[in-house]
Every structure is written in structure tokens, then in C-alpha cells.
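Please walk through this structure with me, one region at a time. Keep the sequence and the 3D view at hand.

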Protein chains: 2
Amino acid sequence: MASINKYLSAEEAAKIDQELMSEEGAYTLDQLMELAGLACAQTLAKAFPKDEYGKVLVITGPGNQGGDGLVAARHLKMFGYEPTVYQVAEPKKEIYTRLTRQCRNMDVPIVNTVEEFKEVYERSSVVMDTIFGFSFHPPVRPPYHTILNHLASPETENSSQKRLPILSIDIPSGWDVDSGRQPLKDTNGDEVETFEPEVLLSLTAPKEGVRGFRGRHWLGGRFIPMKVQEKYKMQLPPYPGTDQIVELEAKL
Amino acid sequence: MASINKYLSAEEAAKIDQELMSEEGAYTLDQLMELAGLACAQTLAKAFPKDEYGKVLVITGPGNQGGDGLVAARHLKMFGYEPTVYQVAEPKKEIYTRLTRQCRNMDVPIVNTVEEFKEVYERSSVVMDTIFGFSFHPPVRPPYHTILNHLASPETENSSQKRLPILSIDIPSGWDVDSGRQPLKDTNGDEVETFEPEVLLSLTAPKEGVRGFRGRHWLGGRFIPMKVQEKYKMQLPPYPGTDQIVELEAKL
């Protein structure tokens, strides 16, 4: 397992994304999202084997991380999982419309209401949290406050149901990208519960806010040119074989 | 290893591509090329281990398969190989300009002349043939006749040099997509040599022309919706784990 010595601020993460998709960086969002989503799906497959965790609830938020989630759901289906997508908001950008259609073409169910989300939660075995990424700023708007509260402490008719294990991407949804797990409020000023996921996938490099994260931690984003790595003083570990992800050493 | 019972005609292969990228299929060329190129790189890595075959000469032709080759070269670099791209024609379409720049950003050398190609050939250990895909029609135009002849029977100053092993994609360049290895002529009416590659990667499903192929054979294209598989009566084998490729049974 590899170690890491660089954490990115929210500002740095946004800048790197811009550079990768600049005229010089030459990547398109389609390409990077495809590789990021594949890394998400591969991490879920490594951390949560199909036989035990076949039913995956993928929750997609309003930004690019939601797109990663849609790509991941499609790949998970190809890997033999049974993903269901809870798409919290109807996508407006053309790319999300296309990614949503690709999921439907793969017979991946997509639900859109909080009620359906709670139903799917009860019959799922693991959650992929692609709700908020490194552009997140509090407070939390509805219905996201309900979702985060439910992920932290599910209220179900089945009182024996435990909280499902969670794979988060870049930053656990609700955590501050720079300062980590902090008290969180919704737009009404009410407290929102946060959660610590069992597994984290950091894309490009871990964000400042996850320095305190103690679960299993993977790194993905095997597409960063050396020049960009050097500019941001990232010493990224080697990836094994042809994998798109590498597991990082657990913290003690 | 998996077996296959469906071979696609050139016409069917073109139709499937169109359907995948139609409004209903909803894929973009960027997405499919990224996944196809990754499958090419993974196949090379499985068939030609890095320690023995580190120096890869990727030859990119005028069509979409050339784009797959550019994507593959970038991923190979990330896998620790030392790829060099021989880009036979300067790309005009915007996507190839971007993919070329992505290679340059990864410090993948790109050469453009037949002379450079022959030089690079002498110090390479394996060739990735992304010259012609399933849209190929004879006769062969210059300088492609020289390239195919060289790949079949290299003329080098080092008389002990053997022909380098070759990974071809979909159809060995120069073979007829529907009828396989046939006598081939260039635009002057002169005979062009063809070759049988050591390894083949078929994307989506094997093409009619490779029914007689006897080398190691992989299948890639883990993104075909079940509806499309059924429409074209493709019974595709299961892929292992999170791989983008699966090896097919060798023919006896």
C-alpha cells in the first residue's frame, strides 16, 4: 500500500480541474468523468465484494461528482452489481442528460424522490455517496439535509436496520473540504448530522478536509501529467498494474 | 477463458457504433474512445509484460482507431511503459488534436515520418497496430503500403532484427474486414505484404475477417447495453472482475 504526503485545498482542486480541461490540458469533461466514474466503481468493487454487497445505492448530487456517480453506476452494472441511482435533482446540463440515459439503457433504475430513496435504502447493502464534491459550501439545502441525516442515522420501519456502509468520493458529503468534519446546518439553521464513511476514494490527491479520515482510503485519477504533479508538489504513489486506483496506507 | 459465437460484418460494426452514439445510445465519441483505448492498453499489458516489452511503438492511422491508439499510448505511459506514437497523418478532427496534446503532456514522443518510424521500430519491443479499423477498404495508399510491408518484413540495417510482435485491434491492418487475410495491393497496383499479429483485441465483438485468426485473442468494449447485444444476437462472455477485457479461448 502506498502513502501520500500532499493534501489539496478546495481552491487547488478546482484549479487543477480547470487546468486539466484548459486548451493546454486538452482533456474533456467526458473523458475525465469516464475515468473518475470507473475509479469509483473499481473502488466499490474492491472494498465491497459483489456477493455480500450486490445492491448499491448510488446517490448523485447537483455537480460534477453526480456525473461520476452516474458513470460509476453504469460500470457497476457491467461488473455484475445491482445499482440503483437516486438522482436528487433533475439534470440540466447536457452531459448529465446523456449519462442518465446511458444508465437507463443499461437497465439501471433511477429514483427521484426522498420517499423512494428511503425505500431503496432499506433493500440496499452499500451506499455510494456522490452527493457533494470539492465545490461544496454549507449550509445544506433541502432535500439534501434529509438525505445526510438519513445516511447518518437511518429512520426506518425496520428498527433493526443498521446504517449502511458508505463509500464517499473526495470528501464525505457534508464535511468541509478544507477543515473536515464540522458542525453542519441546513438553510433553516437546523443542525444536520454528518457521517464518517467506511471507505473514501480521493481523486487526483486527497483533500485537506480528510486528513483526519481513518477508514480505508483509495486514490484514483491516473491521468495527471507529471508537469501538473510537479506544479502542485504532488508526490503521487505508483498505481499497481493496469488499475485505475491504489489503496493508501491506513492511519493509526 | 471465454468463447464467442458471433462475428460482426463491417456493416454491422459500423451500425452498432452509430447506434451507441445516437441520441438514444447517448454515448459520446470521447467516452467510447477513452474506454476502447484503455482496453487496448490493458490488452498490451496482459500480453506483453512491461519488463520484457517496455518499448511500445503505437502506430495510429487516419480514423477512429488512430484515436484509440492515442488514448492507449497515454494509458501505457501511466502503466510504466515507454510508448512512442507514429502518427502517420496529421490529425484534422478536433478530438485527435486534443488526444495528441494529451500524449505530449504525458511526455509521449510522437513521430510523423516513415524514416523516424523505421528508427523507432529498431529500438522498440512490440508494436500496437491501430492503423486501420473496421472501415478499411483496399487499395492501400502511401505511405501505409510502406508501413505494412515493414511490419510484415522489416528492412533494417541490423540484419539480425526479427519482426516485432504485434497487437492489432479489431482487424489486422491490411486484412479485409469481412473476408480476412487476402492478397493486398497499393494504389499503384503493387502487392503489399500482410502479417498475422501475435495478439488481437476485438472491440464489441470479433469481426468476420478474424474467424481464421489463431493467436491470443481478447475481447473489449464492456459498455454494450443488453438491448444492443440482443438486437445483434451477440452472446458476449462475462468479463472478469473490474477488467475492461476478457481473453477468448484459443482456436485449435
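**A walk through the two chains**

A:Pro139 sits in the loop between S4 and helix H6 (144-152) of chain A; helices (H or I, at least four residues) and strands (E, at least two) are DSSP runs, numbered from the N terminus. A cis peptide bond, with omega about 0°, joins A:Pro138 to A:Pro139. Chain B has a cis bond from B:Pro142 to B:Pro143, with omega near 0°. B:Pro143 lies in the loop between strand S4 (126-130) and helix H6 (144-152) of chain B.

A note on the basis of all this. This is a predicted model, in which local features need pLDDT of at least 70 and side-chain atom pairs count only at pLDDT 80 or more, while totals for chains, interfaces and linings use all residues. Residues are numbered from 1 along each chain as its sequence is written, chains are lettered from A and ligands numbered from 1 in the order in which they are written, and side-chain values use heavy atoms, with hydrogens and water left out.

Now turn to the annotated site. In an unreviewed entry, UniProt lists A:Gln65, A:Asp129 and A:Ser173 under "binding site". The three residues span 109 residues in sequence, yet no two of their C-alpha atoms are more than 10.6 Å apart, so they gather at one spot.

A:Asp129 belongs to strand S4 (residues 126-130) of chain A. A:Asp129 counts as buried, at 0% relative accessibility (buried means under 20% relative accessible area, exposed over 50%, partly exposed in between, with a 1.4 Å probe and protein chains only). Leaving out residues up to four places away in sequence, A:Asp129 touches A:Gln65, A:Ser173 and A:Phe195, among others; contact means heavy atoms within 4.5 Å.

A:Ser173 lies in the loop between strand S5 (166-169) and strand S6 (184-185) of chain A. A:Ser173 is buried too, with a relative accessible area of 1%. What does its side chain make with the side chain of A:Asp129? The two side chains make a polar contact of 2.5 Å. Such a contact is a pair of N or O atoms within 3.5 Å; within protein, one must be able to donate a hydrogen and the other to accept it, and residues adjacent in sequence count only if both atoms are side-chain atoms.

Next, the interface. Here 31 residues of chain A are in contact with 31 residues of chain B. The buried area is about 3,000 Å², and carbon and sulfur atoms give 55% of it; this is the accessible area (1.4 Å probe) that two parts lose on being put together, summed over both. There are 16 residue pairs in polar contact between the chains, both at pLDDT 80 or more. On the side of chain A that touches chain B, helix H2 (29-47), helix H3 (64-78) and helix H4 (94-105) each give two or more residues. H2(A) gives the most, with seven residues.

B:Glu34 lies in helix H2 (residues 29-47) of chain B. B:Glu34 is buried, at 0% relative accessibility. Its contacts include A:Gln31 and A:Leu35 from chain A, and B:Arg74 from chain B. The side chains of B:Glu34 and B:Arg74 are joined by a polar contact of 2.9 Å.

Phi of A:Thr204 is near 75°, a positive value in a residue other than glycine.

Methods. UniProt positions are given in the numbering used here, feature names are shortened, and annotations may be inferred rather than shown by experiment.
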